[in-house]
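Work through the exercises below with the model in view. Try each task before you read its solution.

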Amino acid sequence: MEENLVDEVQAAQKAEHAGDAGFLWGFWYPAARSAEIRGRGLVKATLLEVPLVLGRTDGGAAFALRDACPHRGIPLSYGRFDGKNLECSYHGWKFAGCSGQCVEIPSLTSQDKLKVERIFAGHHPCEEHDGYVWVYMRQAPARSGEIVPAAPKLATFSERYQSTHLACDLPSHVDQGIIGLMDPAHGPFVHQSWFWRSKTSIHEKAKQFEPIPFGFRMSTHSPSSNSAPYQLLKKMTGAPVTTTIDFVLPNMRTEEIRSGKLWFSSLTTVTPVRRDLSRIDFVAAWNVPLPVTIFRAFAKTFLKQDQETMIRQAEGLKHNPRLMLIDDADRPAKWYFALKANLIEARRTGAGMVHPMDGPITLRWRS
Ligand code: FES
Ligand SMILES: [Fe+2]
């Protein structure tokens with residue numbers, strides 16, 4: 001099994017160099033913050049190297065069109081949006097924001113037989129949750145009867161809570177961003193802080209993982225005793241602290257921390273913008289008595305440490321070095337590559353997706 005995993009990693013890297021950008025289609029990705037779309041304004045975004053124009057109708061529905069007019073390709077984002085239809089800046093063709101369907105071609109005369117309503121601008125399903133505009137990215141045009149799953153949503157566990165979000169760009173391929181996100185061994189080196197841990201606090205850990213659909217879970221456990229915030233939480237509730245961390249394709253890590261009635265929940269995604277640019281989006285909610293400003297300061301420090309490390313890593317990756325994935329600390333990264341490869345294979349053959357894990361397994365590493 002190990003042999004196979006390594007082959008799959010190499011296959012993924014080879015495919016990338018062969019011109020396949022290594023993106024996973026048929027999933028939701030966060031394209032922009034909801035607050036960026038104001039009134040009838042249009043916002044440009046790029047996902048998986050596809051240029052998009054985002055807007056919101058007067059009825060409040062966000063939409064995502066391909067930012068290219070189907071007539072001559074000029075970006076539709078140069079056009080004018082009246083709250084319902086988007087008018088191209090070149091020849092004034094009008095497209096319904098919500099469907100991309102053409103509703104008017106000003107140059108047509110009464111003699112013309114062109115069926116305007118059969119023309120569509122590229123259009124993607126769009127949903128708003130947790131302050132994000134999520135866009136469903138499929139590679140081929142929509143097929144009738146296509147089932148689009150619901151967009152991801154941050155889990156919350158009480159009526160009242162606080163929340164915040166952070167984002168940062170990474171000059172790397174999404175794969176590097178993702179394996180960095182779930183890499184357990186960099187903590188003591190990259191995230192050295194007085195409030196978190198130091199290099200000398202390294203100790204051996206054993207964590208149980210289990211397969212879940214399209215991903216894996218670090219089974220519910222009590223988080224490491226050397227982290228001050230967890231100790232504090234335990235003191236506040238008197239109840240044990242438990243953490244569950246999931247990774248699910250294409251790019252999503254969720255974490256739930258519970259202690260008595262108190263909870264903290266986060267959703268982190270690494271989104272491919274281009275093959276050499278990704279973005280980390282982090283949204284968290286909690287009812288723990290923790291001011292947003294303080295939490296943001298800590299979270300920003302963390303994210304910045306990861307970002308700086310990945311900027312440096314990208315410097316090295318420019319020269320295409322050979323890379324390694326070792327056991328057990330890099331096993332989650334191996335699972336990620338194998339999940340991705342197996343999903344692509346399942347879609348190609350139409351057979352069921354093979355999960356790379358046989359069942360629950362304990363991984364051991366020092367961090
Ligand atoms: S290019 Fe858009 S209407 Fe002609
Ligand atoms: Fe990190």
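**Exercise 1.** Find the ring that lies under the charged end of Arg-33.

Solution. Start at the charged end of Arg-33. The ring below is that of Tyr-132, with its centre 4.5 Å away. The test for a charge over a ring is NZ of Lys or CZ of Arg within 6 Å of the ring centre and within 35 degrees of the ring normal. Now go to Arg-258, which lies over the face of Phe-157, at 4.0 Å from the ring centre.

This is a predicted model, where local features need pLDDT of at least 70, side-chain atom pairs count only at pLDDT 80 or more, and totals for chains, interfaces and linings use all residues. Residues are numbered from 1 along each chain as its sequence is written, and side-chain values use heavy atoms, leaving out hydrogens and water.

**Exercise 2.** Is Asp-281 buried or exposed?

Solution. Next, take its relative accessible area: 5%. Buried means under 20%, exposed over 50% (1.4 Å probe, protein chains only). So Asp-281 is buried. Then list its neighbours, not counting residues up to four places away in sequence: among them are Pro-30, Tyr-132 and Leu-166. Touching here means heavy atoms within 4.5 Å.

**Exercise 3.** Which residues form one aromatic cluster?

Solution. Pair rings of Phe, Tyr and Trp (its six-membered ring) if their centres lie within 6.5 Å. The structure holds 18 such pairs. One cluster is made of Phe-209, Phe-216, Phe-247, Trp-335, Tyr-336, Phe-337 and Trp-365.

Note on methods
Chains lettered and ligands numbered in written order. Phe/Tyr/Trp six-rings, centres within 6.5 Å; stacked < 30°, edge-to-face > 60°.
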